[in-house]
Amino acid sequence: MDILKKLTSLVPEDQFSIQADQLNVASEDESTLPGVKPLAVIWATNTKEISEIVKTCYEAKIPITTRGAGSALEGSTIPLPDGIVLDLSRMTNIIEYWPDDLQVKVEPGIIYDDLNLYLKNDGLFFPPSPGGSGDIATIGGMVSTNASGIYSVKYGGTREYVLELEVITGTGEIVKLGNRAIKRSSGYNLVDLISGSEGTLAVISAITIKLAGLPEGRRQIAFIFGDEKSASKAVSEMCRYGLDLAAIEFLDRAVIQALNSLKNYNLDELPSLFLEIHGPEEVLDSNAELANEVCSEFGGKPLMLADNHNPWEIRHWVTEAIKHRKPGYTILRNDVAFPISKLPEMVEFCHKTANENNIIMHTFGHVGLGLLHALMLANRDDQQEWDKAQKINDLIIRKTIDLGGTISGEHGIGLGHKDLFELEHGKAVNLMRKIKLQFDPKNILNPGKIFDI
Ligand SMILES: Cc1cc2nc3c(=O)[nH]c(=O)nc-3n(C[C@H](O)[C@H](O)[C@H](O)COP(=O)(O)OP(=O)(O)OC[C@H]3O[C@@H](n4cnc5c(N)ncnc54)[C@H](O)[C@@H]3O)c2cc1C
């Protein structure tokens, strides 16, 4: 194919592949959606190469799906059969570092945990952790999905940290967006627009982010409750009190049962809250005391963890534990987010709807931000059961939108949630389509993700 010949000429030999095993790796992400093999994979190593590749694809109207680690959960990294995968995982350099300004400029392929390891010596860190994927997720992927995690209740998500981007638009033009000023009021905020755009507006080739100081101390505490509703009411109340918590994780009793079964933790099989507080010793003491007071108001009792288990070590195993519950079954997930006061209603709705349909439901999440993961287990070979689980998923999302929430508080839209995107955004999707074409006039950048043109 002429276009592949032309693309090969743009990069050294070891940066281009049409080998089946490498096309297979590039064909999927961590979603349960089927993979799609691209025409080729190209590993770019600098901005100029990216620009030349995009220019060539623009001429020939070849779709490009940019890839970091491929850990996305909604199919946003799945390529098109007539397109290429532009893999940036070899662009891992720290370009510039200003510890006194609490800022760093990095290439997009650097891995979240590697960056934090580098910053640790200076007592700094990049807070919006992407949970269990911190050891693989790239900063470029995190910006593109606006990733956030357990500490976002205190520190915010990725978007809040991005100051400046170097991007390549769909015509191959290199553009700098934003600057290093923290406070700014200077025109349209295109940096925020790129964050969360899932590779549909531009390819990100350099990122300047803000950092935070590592907390002086950390304390983890956990509580169990008589029922899910009381636990979620305690969360609303702690937020209303303005309690300064770094993390508030909710795990329902089904999740705790799954954890006990996988890891023998011997936890009380009751809905639980795992909390973390950051600060000096006095702050840890006073906040822990206040959290204790609020939780006990709703019947919460302190949860003693055996063998000095850390709550986050336990939390880490949640998805694995759910999978383990029914070997051969597939997880159907969502990551809805809504105003915090709706949490009790949403938890109840998820369980009631699933129970009525005989589907196994688990709910957990960063509930301090109103984010709930509802994970179901269903047998994919049993079409009736699979359809039922999908229908429940759909009902949960529709209910979230009715309550003023969003389809995705964390993982993005990709292909997985595309069908209900218009329901959430209405006519605003037409404006998004026009914006997309300004950045990418031939619709070659990750086409078909989020919405159709
Ligand atoms: C076990 C597990 C736990 C997870 N936990 C969390 C969590 O707590 N919070 C959370 O937010 N997510 C979580 N995720 C999802 C995922 O890790 C994040 O979305 C992560 O930010 C994706 O990074 P990546 O490098 O893998 O991106 P990829 O999957 O490679 O790409 C994601 C999207 O970004 C685009 N993209 C990637 N790099 C660029 C670039 N340089 N320029 C333009 N577009 C680009 C891609 O085209 C795609 O649309 C989890 C995933 C797993 C597997």
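In what order do the 4 strands of the open sheet with mixed pairing stand? The order is S1-S2-S4-S3. Strands here, like helices, are DSSP runs numbered from the N terminus, with at least two residues (E) for a strand and at least four (H or I) for a helix. Two strands count as paired if DSSP finds at least two bridges between them. The model is a predicted one, so local features need pLDDT of at least 70 and side-chain atom pairs count only at pLDDT 80 or more, while totals for chains, interfaces and linings use all residues. Residue numbers start from 1 along each chain, following the sequence as written.

S1 is joined to S2 by 2 bridges and the two run antiparallel, with Phe16 opposite Ile42 in S2. Further in, strand S2 (residues 40-43) runs parallel to S4, with 4 bridges between them, and Ala40 faces Ile84 in S4. Strand S3 (residues 64-67) is also parallel to S4 and linked to S4 by 4 bridges; here Thr65 sits opposite Val85.

What covers S4, then? In a regular strand the side chains alternate between the two faces of the sheet. Strand S4 (residues 84-87) is covered on both faces, with Ile84 and Leu86 buried on one side and Val85 and Asp87 buried on the other. Buried means that 20 or more other C-beta atoms lie within 10 Å of a residue's own, exposed means 12 or fewer, and partly exposed is in between, with C-beta atoms placed from the backbone. Helix H3 lies across S2, S3 and S4, at about 165° to S4. For such angles, axes are lines fitted to C-alpha atoms, for helices over the stretch in contact, and the angle between N-to-C directions runs from 0 to 180 degrees.

A second open sheet has 5 strands in the order S5-S6-S10-S8-S9, with antiparallel pairing. Its edge strands are S5 and strand S9 (174-178), each pairing on one side only. From one strand to the next, the twist averages 15°. Strand S6 (residues 103-106) is tied to strand S10 (residues 202-210) by 4 bridges in the antiparallel sense, and Lys105 stands opposite Thr208 in S10. Strand S8 (residues 162-169) and S9 are antiparallel too, paired over 5 bridges, and Glu164 faces Gly178 in S9. S8 and S9 make a hairpin with 4 residues between them, and Gly172 in the turn has a positive phi of about 100°.

Ile95 belongs to strand S5 (residues 94-98). Is Ile95 buried or partly exposed? It is partly exposed, because 14 other C-beta atoms lie within 10 Å. Beyond residues up to four places away in sequence, Ile95 touches Lys105, Val106, Glu107 and Ala206.

Nonpolar side chains tend to be buried together in soluble globular proteins. A nonpolar core is taken as a set of buried Ala, Val, Leu, Ile, Met, Phe, Trp, Tyr and Cys residues joined through C-beta atoms within 7 Å. The largest one holds 66 residues, of which Ala234, Val235, Ile248, Leu273, Leu275 and Met376 touch the most other members. Strand S19 (residues 371-378) provides its largest share, 7 residues. Domain 2 and domain 3 each give this core at least three residues. Apart from it lies another core, of 52 residues, including Ile42 and Val85.

Finally, there is the ligand, surrounded by 36 residues, with Gly68, Gly131, Gly140, Gly141 and Gly199 the closest; a residue counts as near if its C-beta atom, placed from the backbone, lies within 6 Å. S3, helix H5 (139-145) and S10 are the elements giving two or more residues to this shell. H5 contributes the largest share, 5 residues.

Technical notes:
Contact = placed C-beta atoms within 7 Å. Domains from an automatic or database assignment.
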